[in-house]
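Biologist: I have a model open and want a close look at one part of it. Please start there and then walk me through the rest.

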Amino acid sequence: MKLALVVLNYNDADNTLKILGNVADYDIFDKVILVDNASNDDSRVRLGSFCEGKNKIHFIENHENKGYGAGNNIGIAVAKKLGIDLALIANPDTDFDENVIRVLKSAMVKNDNIAICAPLVDTNDAYGSRENVLKGASCWPMRDFLHSLAENGPICRRIFTRALHYDKNFYNAKIRTVGAVLGALLMVRVDDFIKVGGYDENMFLYGEEDLLSKKMADIGLKTAVITGYKYKHIHSASIKKSLKSLYSRQKIREESTLYFYEKYLKINPLQKLLAKVFFAIVRLEVLVFALI
């Protein structure tokens with residue numbers, strides 16, 4: 001089965017060039033598909049220069065940024081045209097060894113009911129521990145409306161951690177079926193991805209992992225993690241964030257989450273009202289956490 005690496009860039013040429021420099025030449029990748037999502041800095045020039053003369057790399061320049069999902073959908077569509085069977089979607093701020101990808105590919109080749117597969121994010125904390133899941137879990141159960149709502153609140157997710165995440169014992173098996181995996185690095189089966197319509201482009205950012213896994217589950221396919229293999233996820237967050245940027249991200253998160261609830265979880269008007277009130281409280285929580 002042929003495998004492609006898909007990387008989406010938006011105003012982050014430094015990290016994108018770093019990941020390409022580290023992994024693009026891995027033999028495991030038959031093709032590398034780089035999509036620039038209408039960057040408004042010098043990304044296109046720098047990335048275009050890097051890709052010039054490299055037949056293995058296909059550089060796509062979007063003229064409009066329609067979001068994370070739309071950008072990756074284009075990458076997967078190109079993979080399909082190139083005759084690719086599996087695609088590794090990787091954020092620019094990730095790093096991984098070739099052997100990790102070999103193991104993921106092997107798992108998907110042997111298990112045709114797995115449509116999404118990922119390793120764990122490298123961490124100093126025990127997987128499933130409170131510290132681990134609060135910093136950012138590698139995977140989590142498929143959540144209903146109330147559990148998902150609780151996970152979206154900074155205080156609620158600390159109170160109900162055990163009810164929202166897998167415990168330490170869950171990670172003892174070599175491979176586990178899960179509800180969803182972190183979207184920073186995941187391998188997908190190209191035909192299945194296209195069959196379910198890929199990422200929903202009405203969700204500009206946030207929540208894509210839950211959406212994609214739910215779509216796969218709805219047609220009887222699984223999402224899995226390989227627990228013995230890890231990758232690095234380097235969050236390129238600013239040291240000091242303005243309140244304006246925090247609120248901007250929170251607004252996008254709320255819009256995507258409410259859309260997911262309405263279209264995919266089929267919430268009723270009362271549940272929608274509850275979600276809106278809850279998110280109003282979350283904005284106050286975000287403000288408090290930002291000031292601490």
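Is Asn172 buried or exposed, and what is its relative accessible area?

Modeller: This is a predicted model, so read every value as computed from it. Asn172 is exposed, because its relative accessible area is 62% and the cut-off for exposed is over 50%. Asn172 sits in the loop that runs between H8 and strand S8 (175-178). Asn172 and Asp12 lie 160 residues apart in sequence. In space, their C-alpha atoms are 36 Å apart.

Next, the second largest pocket. Helix H8 (161-164) supplies at least two residues of its lining, and so do helix H5 (130-136) and helix H7 (156-159). The pocket has a volume of about 170 Å³. Its lining includes Gly128, Ser129, Arg130 and Val133. Arg158, Ile159, Thr161 and Arg162 also line the pocket. His165, Tyr166 and Asp167 are lining residues too. By class, that lining has 3 nonpolar, 4 polar and 4 charged residues.

Now compare the cavity. The count comes to 1 cavity of 30 Å³ or more. The volume of the largest cavity is about 30 Å³. Its lining is made by Ala118, Pro119, Val121, Ser138, Val181, Leu182, Leu185 and Tyr231. Strand S6 (residues 114-121) gives the largest share of that lining, 3 residues. The cavity lining divides into 7 nonpolar and 1 polar, with no charged residue.

Another asparagine gives a contrast to the exposed Asn172. Asn72 belongs to helix H3 (residues 68-81). Asn72 counts as buried, because its relative accessibility is 1% and the cut-off is under 20%. Leaving aside neighbours within four places in sequence, Asn72 contacts Val6, Leu8, Ile89 and Tyr199.

Asn11 has 28% relative accessibility and so counts as partly exposed. Asn11 lies in the loop between strand S1 (3-9) and helix H1 (13-23). Its backbone is worth checking. Asn11 is not a glycine, yet it has a positive phi of about 55 degrees.

Lys266 also has a positive phi of about 55 degrees without being a glycine. The loop between helix H11 (243-264) and helix H12 (269-291) holds Lys266. Lys266 counts as exposed, because its relative accessibility is 62%.

Helix H10 itself (residues 208-218) is mostly covered, with 9 of its 11 residues buried. Several of the buried residues carry charged side chains: among them are Glu208, Glu209, Asp210, Lys214 and Lys215. Leu211, Leu212, Ser213 and Met216 are buried in H10 as well.

Next, the nonpolar interior. In soluble globular proteins, nonpolar side chains tend to be buried together. Here, the largest nonpolar core has 39 residues. Leu3, Leu5, Phe29, Leu88, Phe96, Ile101 and Met187 touch the most other members. Helix H4 (residues 98-110) gives the most to this core, 6 residues. A second, separate core has 33 residues, including Ile76, Ala115, Tyr171 and Phe193.

Look at Leu3 for detail. Not counting residues up to four places away in sequence, Leu3 touches Ile28, Phe29, Asp30 and Lys31, among others. Its contacts also include Ile84, Leu86, Ala87 and Leu88. Ile101, Lys105 and Met187 are on the list too.

Last, the cysteines. A disulfide is a covalent bond between the sulfur atoms of two cysteines. The count in this model comes to 0 disulfides. Cys139 is in no disulfide, and the nearest cysteine sulfur, that of Cys117, is 11 Å away. Cys139 counts as buried, because its relative accessibility is 1%. Cys51 has 8% relative accessibility and so counts as buried as well.

Definitions and conventions. Residues are numbered from 1 along each chain as its sequence is written. This is a predicted model: local features need pLDDT of at least 70, side-chain atom pairs count only at pLDDT 80 or more; totals for chains, interfaces and linings use all residues. Side-chain values use heavy atoms; hydrogens and water are left out. A nonpolar core is a set of buried Ala, Val, Leu, Ile, Met, Phe, Trp, Tyr and Cys residues joined through side-chain atoms within 4.5 Å. Buried means under 20% relative accessible area, exposed over 50%, partly exposed in between (1.4 Å probe, protein chains only). Helices (H or I, at least four residues) and strands (E, at least two) are DSSP runs, numbered from the N terminus. Contact means heavy atoms within 4.5 Å. A disulfide is a pair of cysteine sulfur atoms within 2.5 Å. On a 1 Å grid over the protein atoms alone, a cavity is a set of points where a 1.4 Å probe fits but cannot get out, and a pocket is an open set with protein on both sides within 12 Å along at least five of seven lines; lining residues have an atom within 4 Å of a point. Grid points are joined across faces, edges and corners, and a volume is the space filled by probe spheres set on the points.
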